[in-house]
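Dear colleague,

Please find below the structure that I am handing over to you, together with its sequence. My notes on what was found in it follow.

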Amino acid sequence: MVNEISEKRLKDDIDKLVSFGTRHTLSDTKSKKRGIGAARNWVEDEFKKYSKASGNRLVVTQDTFTIKPDGRRIDRPVVMANVMATLPGTDPNDKRIFIVSGHIDSRVSDVMNATADAPGANDDGSGTVAVMELARVMSQQQYPATIIFVAVQGEEQGLYGSTHLAQRAKKEGWNLVAMLNNDIVGNSHGNDPSVDDAKHLRVFSEGVPATETEAEGRLRRTLSSENDSPSRELARYAQQAAAEYVDGLDVVVVYRPDRFLRGGDHTPFNQQGFTAVRFTEMNEDFRHQHQDLRTENGTEYGDHAKFMDFAYLRKNTGVNLATLASLAMAPASPQNVGVLTAQLTNRTQLKWDAPTAGPKPAGYYVLIRETTSPKWEQKVFVTDTKADLTQSKDNYIFGVASVDAQGHESLPVIPKPVR
C-alpha cells in the first residue's frame, strides 16, 4: 500500500486545492470555483470517486456545524463542515475507530482576510491531500476496525473543525484509539537557518495527558511515567512503522505537544482524553506560511505549490499509511495490564487480560527498555496472558502489546502496580 501512494496525484490534488483561490473559513460558500465551499465540495466528490472504485466501501459526508461570533477570529455566524470519508470495519464486534486528518482552510497575513488569494499549498493543502490519498489507497483493503479520513475546517480561526469532531466523538462514546493529525508536511526546505532535509519527519505528542486525574497524577509521579502517555506510545509506534515500511525517512519523536506559538488539530482530541499526535515537516519555511503574496527585497512570500517537495510529501503520507494500517489490522490492546509488586524480588512478573473484542491475538509482545531509553529495546513473545522475566521491574520500563499472526501490533499498555 505504501508503494501505491502516487506523488503525481498528491501534486495534482494540491494544484486543484490552490485553484480555488482562497479556502479561508469565512470565504465564499456558494461559488463553484472559488472559496471554502467549492473546495469542500471537491474533496467530497473525490472521496466519492474513491468509494466507487473500492466497491462503495467509503461512507462520505459533510459534517456541518455552526460557529457563533467569538470576538476573535469569527466575526459572524458561520456554517462550517468537516469532509469525512469513513471506512467501516469488517468486524461488527470491533468498535475501534482511527482518525487521520488535515485541515482544508487557508489564510494570509491577516487572519480575518477572507478575500485575498491564500493558496495554502503546504499549510495545509499537504495534510489534506495526504488524507485524500490515504483514503484512495486504503479503501482498496479491508480492516476489522473503522478508519475515518477527514479534512477539517476552521483550524486557522481556532481549531473549530477538530474541536467539533473531538467533542462529537466524546459525546457519542466513540472507541477512538488513535488520531493522526497532518499539518505542514510537504516541504523539505527550512529557512532561518536555511537547511534541506527530506529524510526526517517530526511527530509531536503530549507527555502528561490533559485529562489526567489526581490519582493518575500520583501514579505517574510514583512511576515517573510522563514519557509513557498513550500519545507518546503512538508517536513511538509511528516511528517504528516508518522504519519498517518507508525507505529513506526517519520519524523524529519530539517530546512536546506542539511547536512554540502554534497549535494543531490533535490538541482538541487530547483535551477530550483521546490519544492524538501531530506530524509536521522537520524544518519549516515561515516565508511560505500565513503570508500575503508578495516579493520583498528579492524574497518571494506566500504558500505556493512550487515551494513544496512532493517526493517528501509522498514519504510522509506513507508513514501515516503504515501507522494506520498496522493499527487497524492489529488486535486491540490487552486490558488490565499489571506488574506484581507484592514481594521484594529482582524479577518481573506481569499479567493482563486478553482484549474482549476484535481479532483474537496470536500472542503478545512484552516490550522492555531501560528507564533512560527513548525507544523500546527488547521484545519477548508470549502466548499466555502473563510473563515472568529476569529483568528487574525496578530497573526497566515494560509494556505489553497484542499481536496477530502477521505481526501487526496494537499500541502497548504500560503496566500498573498490583498486589
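Leu-367 is found in strand β15, which covers residues 363–370. Please note that this is a predicted model. Leu-367 has a relative accessibility of 4% and therefore counts as buried, the cut-off being under 20%. Leaving aside residues up to four places away in sequence, Leu-367 touches Trp-376, Gln-378, Lys-379, Ile-397, Phe-398, Gly-399 and Pro-412. Leu-367 and Ile-414 are separated by 47 residues in sequence, while their C-alpha atoms are 9.3 Å apart in space.

**The chain as a whole**

The secondary structure of the chain comprises nine helices and 19 strands. How does the radius of gyration compare with that of a compact globule? For 419 residues such a globule would have a value near 22 Å, and the chain has 22 Å, so the two agree. Along the principal axes, the C-alpha atoms fill a box of roughly 70 × 50 × 40 Å.

Of the 419 residues, 55% are buried. Among contacts with a separation of 6 or more, 74% are between residues 24 or more positions apart. The accessible surface of the chain comes to about 18,100 Å², and carbon and sulfur atoms account for 47% of that surface.

Helix α2 takes in residues 36–53. Its 18 residues should span 26 Å at 1.5 Å a residue, and its end C-alpha atoms are 26 Å apart, so the length agrees with expectation. Among the buried residues of α2 are Ile-36, Trp-42, Val-43, Phe-47 and Tyr-50, as well as Arg-40, Glu-44 and Glu-46. The partners against which the buried residues of α2 pack are the helices α1 (7–18) and α3 (125–138) and the strands β1 (59–67), β2 (78–87) and β4 (146–152).

α3 is mostly covered, with 14 of its 14 residues buried.

Helix α7 (residues 230–245) has 16 residues and reaches 22 Å from its first C-alpha to its last, close to the 22 Å expected. The buried residues of α7 include Arg-232, Glu-233, Leu-234, Arg-236, Tyr-237 and Gln-239.

**Backbone points to inspect**

Most residues other than glycine have a negative phi, and most peptide bonds are trans.

- Gly-55, which follows α2, has a positive phi near 80°.
- Asn-56 is not a glycine, yet its phi is positive, about 60°. Asn-56 lies in the loop between α2 and β1, and is exposed, with a relative accessible area of 60%.
- Ser-224, also a residue other than glycine, has a positive phi near 50°. Ser-224 is in the loop between α6 (214–223) and α7, and counts as partly exposed at 47% relative accessibility.
- The peptide bond from Asp-123 to Asp-124 is cis, with omega near -5°. Asp-124 is found in the loop between β3 (96–103) and α3.
- The peptide bond from Asp-192 to Pro-193 is also cis, with omega near 0°. Pro-193 is placed in the loop between β6 (189–190) and β7 (195–196).

With kind regards

Key
Residues are numbered from 1 along each chain as its sequence is written. This is a predicted model: local features need pLDDT of at least 70, side-chain atom pairs count only at pLDDT 80 or more; totals for chains, interfaces and linings use all residues. Side-chain values use heavy atoms; hydrogens and water are left out. Helices (H or I, at least four residues) and strands (E, at least two) are DSSP runs, numbered from the N terminus. The expected span of a helix is 1.5 Å times one less than its number of residues. Buried means under 20% relative accessible area, exposed over 50%, partly exposed in between (1.4 Å probe, protein chains only). Contact means heavy atoms within 4.5 Å. The radius of gyration is taken over C-alpha atoms; the globule rule is 2.2 Å times the number of residues to the power 0.38. Accessible areas come from the Shrake-Rupley method with a 1.4 Å probe; for residues, only the protein chains shown count as cover.
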